[in-house]
Amino acid sequence: MERERLERCLAQVAAFRKSGLKAKAWAAVNGVELKELQSWCSHAGRWRARLDGVAAALPLQAGGFVGVRVPVAPTAASIRVELSLGAGRVDVHWPLSHARELATWLREFSR
């Protein structure tokens with residue numbers, strides 16, 4: 001999205017937040033679709049950071065922990081994955097019946 005449009009959207013978000021009105025009421029008064037206002041509000045932080053030249057935060061920070069719960073039938077075969085990333089380690093037991101989801105997870109994890 002171009003800089004001018006981001007700035008216009010952020011100005012709308014600032015005006016909405018300053019008004020103290022409910023989103024639905026503010027959108028109706030200002031001729032803005034409610035869904036559009038909600039989208040602007042959810043993206044405002046990232047847009048402000050982009051305009052300010054701040055790099056976006058990584059989804060997973062070093063040293064963080066993400067618990068993954070995958071229901072496994074007691075007799076189901078599983079795939080065991082061990083990954084070492086510097087000082088960190090990930091050990092996952094994934095059901096063989098969900099191998100496609102594992103491939104997707106590994107692809108996203110390695111980014």
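Select Arg 48: it is partly exposed at 38% relative accessibility (buried is under 20% relative accessible area, exposed over 50%, partly exposed in between; 1.4 Å probe, protein chains only). The model is predicted: local features need pLDDT of at least 70, side-chain atom pairs count only at pLDDT 80 or more, and totals for chains, interfaces and linings use all residues. Numbering starts from 1 along each chain as its sequence is written, and side-chain values use heavy atoms, without hydrogens and water.

Helices (H or I, at least four residues) and strands (E, at least two) are DSSP runs, numbered from the N terminus.

Next, select Leu 10. Beyond its neighbours within four places in sequence, Leu 10 contacts Ala 44, Trp 47, Arg 48 and Leu 51 (heavy atoms within 4.5 Å).

Move to Glu 7 and Arg 3. Their salt bridge has its closest N and O atoms 3.2 Å apart. The two sit four residues apart in α1, about one helical turn.

Now show β1 (residues 78–85) and β2 (residues 88–95). Eight bridges join these antiparallel strands (pairing takes at least two DSSP bridges). Ser 84 has Arg 89 as its bridge partner in β2. In the turn, pick Gly 86: its phi is positive, about 60°.

Finish on Asp 91 and Arg 80, salt-bridged at 3.2 Å, N to O. Asp 91 is in β2 and Arg 80 in β1, so the pair ties together parts 11 residues apart in sequence.

Notes
A salt bridge is a side-chain nitrogen of Lys or Arg within 4 Å of a carboxyl oxygen of Asp or Glu.
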